[in-house]
Amino acid sequence: MQNLGYEEDNTPPYFSNVDFTGTLISGQVLTSVIGSYTDAQGDLQNTPPFYAWKRADDNLGTNLVTVGSASTYTLSALDVSKYIQFCGKARAVTGASPGTEQCTIFRGPVTAVMVNVAPTI
């Protein structure tokens, strides 16, 4: 085959259906859910992917801060009244990598743990 001076574009991989599970209460553990991996050139997935847990003041991402980089995140007192987002970025063993970050919508606000205190008489 003759080389015509150009190569096929190698596009980065991506995840679809990125999500997380868990209850938005301080002290609870949130768990990432990564949907299907897609790479147009068929490059194999490199694991683990890049994880990012983000916290913001509202559901628009105001004052966005990355607060975690593992597959799970434990909510703390710093997260109370804030909104949480999970993002995953696919990585390929070969070819273009990493892919574009795929994120959930912001969810929240995170609430504090309610402590039942018996009334004093």
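Visitor: Is Asp 57 buried, exposed or partly exposed?
Guide: Asp 57 is partly exposed, with a relative accessible area of 30%. Buried means under 20% relative accessible area, exposed over 50%, and partly exposed in between (1.4 Å probe, protein chains only). This is a predicted model, where local features need pLDDT of at least 70, side-chain atom pairs count only at pLDDT 80 or more, and totals for chains, interfaces and linings use all residues. Residues are numbered from 1 along each chain as its sequence is written, and side-chain values use heavy atoms, with hydrogens and water left out.

Visitor: OK, what does the side chain of Asp 57 meet in a salt bridge?
Guide: That's Lys 82, at 2.5 Å from N to O. A salt bridge here is a side-chain nitrogen of Lys or Arg within 4 Å of a carboxyl oxygen of Asp or Glu. Asp 57 lies in the loop between β5 and β6 (65-68) and Lys 82 in the loop between β7 and β8, so the pair ties together parts 25 residues apart in sequence.

Visitor: Are Asp 79 and Arg 55 buried or exposed?
Guide: Asp 79 is buried, and so is Arg 55.

Visitor: Switching topic: in what order do the strands of the open sheet come?
Guide: Three strands run β2-β3-β7, with antiparallel pairing. β2 and β7 are at the edges with a single partner strand each, so one side of each has no neighbour in the sheet. Two strands count as paired if DSSP finds at least two bridges between them.

Visitor: How many bridges join β3 to β7?
Guide: Three, and Thr 31 stands opposite Thr 72 in β7.

Visitor: Last one: which residues make up the largest nonpolar core?
Guide: Twelve residues, including Phe 15, Trp 53, Tyr 73 and Val 110. Such a core is a set of buried Ala, Val, Leu, Ile, Met, Phe, Trp, Tyr and Cys residues joined through side-chain atoms within 4.5 Å.

Note on methods
Helices (H or I, at least four residues) and strands (E, at least two) are DSSP runs, numbered from the N terminus.
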